[in-house]
Amino acid sequence: MSIGPGIVTPEAVVLEIERAGVPSRLLAFVLDLLALGIVWFLLALGASSMLGDLEGFAGAVIAVLLSVGLYLAWFVGFETWWQRTPGKAALGLRVVSTDGTPVRFVQSFLRALVGLVDFFALPFGFIAVTSSLLSPRDQRLGDVAAGTLVVRDRTATRLATPAQFPIPYGFDAYVNGLDLGAMTEAQYGVLRNFLLRAHQLSPLARAQLAVRLANPMSRILRHDPPRNLHPETFLVCVVAAWQRAHAGGAPPLPTW
């Protein structure tokens, strides 16, 4: 269950992230459709030059397959690897799991697949808008099926509470060697919010959520943490490295 604008972990700990509303999500979708239309046109020109003009049933089948395949590739690809599409990025939105962790491939695929009904069943967009308005968590059917939310990046950053994460003892060299070039400010915010509230979780929930955050983060960074490195320690190292790289001068982190 959601409380206010945040995301709630299984232990009812609120992560300060504001959900996106219907207007901004619809505008993001329209921007994505416009970009997809340009890509579709270019691909259709290429296919026409290679295969010649296809008419009748064959041409219709190829057009439908190209459209559906491009739609799925666009939304699944961008949301899996970047957590947002270009349209969402333009409006400061991204997709996350309902517990605030990065969205996974299966979730993105299911979300996009159900989106074919949400957005393209007649009348266009009615199901998506209606289900989002009726949902207490602003979820369309694809979000409900995939267990995802669309949240605001910029609000998450604005609501962040200052806290400095010191480098764990003995990990200075490890932190200095981390390459955070692929990490975004929004991803830093999710990790930071978890670490600030980890002490409010039960040991089991804390360990499980740390793993769910550490695994996708290691893939994003294309980094294999040492086998004996605890997932939560890895997250602390990542956050500490981010703060060092961005000259974070916030107050010290309270003792847990």
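**Ground rules.** I am working with a predicted model, where local features need pLDDT of at least 70, side-chain atom pairs count only at pLDDT 80 or more, and totals for chains, interfaces and linings use all residues. Residues are numbered from 1 along each chain as its sequence is written, and side-chain values use heavy atoms, with hydrogens and water left out.

**Entry 1: R19.** I found R19 in the loop between β2 (14-15) and α1 (22-51); helices (H or I, at least four residues) and strands (E, at least two) are DSSP runs, numbered from the N terminus. Is R19 buried or exposed? R19 counts as buried because its relative accessibility is 12%; buried means under 20% relative accessible area (1.4 Å probe, protein chains only). A polar atom of its side chain lies 3.3 Å from the backbone oxygen of R137.

**Entry 2: the cores.** I looked up nonpolar cores, meaning sets of buried Ala, Val, Leu, Ile, Met, Phe, Trp, Tyr and Cys residues joined through side-chain atoms within 4.5 Å. The largest has 31 residues, and M183, F194, F234, L235 and V238 have the most contacts inside it. At least two residues of this core come from each of α8 (172-176), α9 (185-197), α10 (203-221) and α11 (231-245). A second, separate core of 11 residues includes L72, A112, F119 and A128.

**Entry 3: α11.** Why is α11 largely enclosed by the rest of the structure? I see that 11 of its 15 residues are buried, so the rest of the structure largely encloses α11. Among the buried ones are E232, F234 and W242. The cover over the buried residues of α11 includes α8, α9 and α10.

Notes. Buried means under 20% relative accessible area, exposed over 50%, partly exposed in between (1.4 Å probe, protein chains only). A polar contact is a pair of N or O atoms within 3.5 Å; within protein, one must be able to donate a hydrogen and the other to accept it, and residues adjacent in sequence count only if both atoms are side-chain atoms. Contact means heavy atoms within 4.5 Å.
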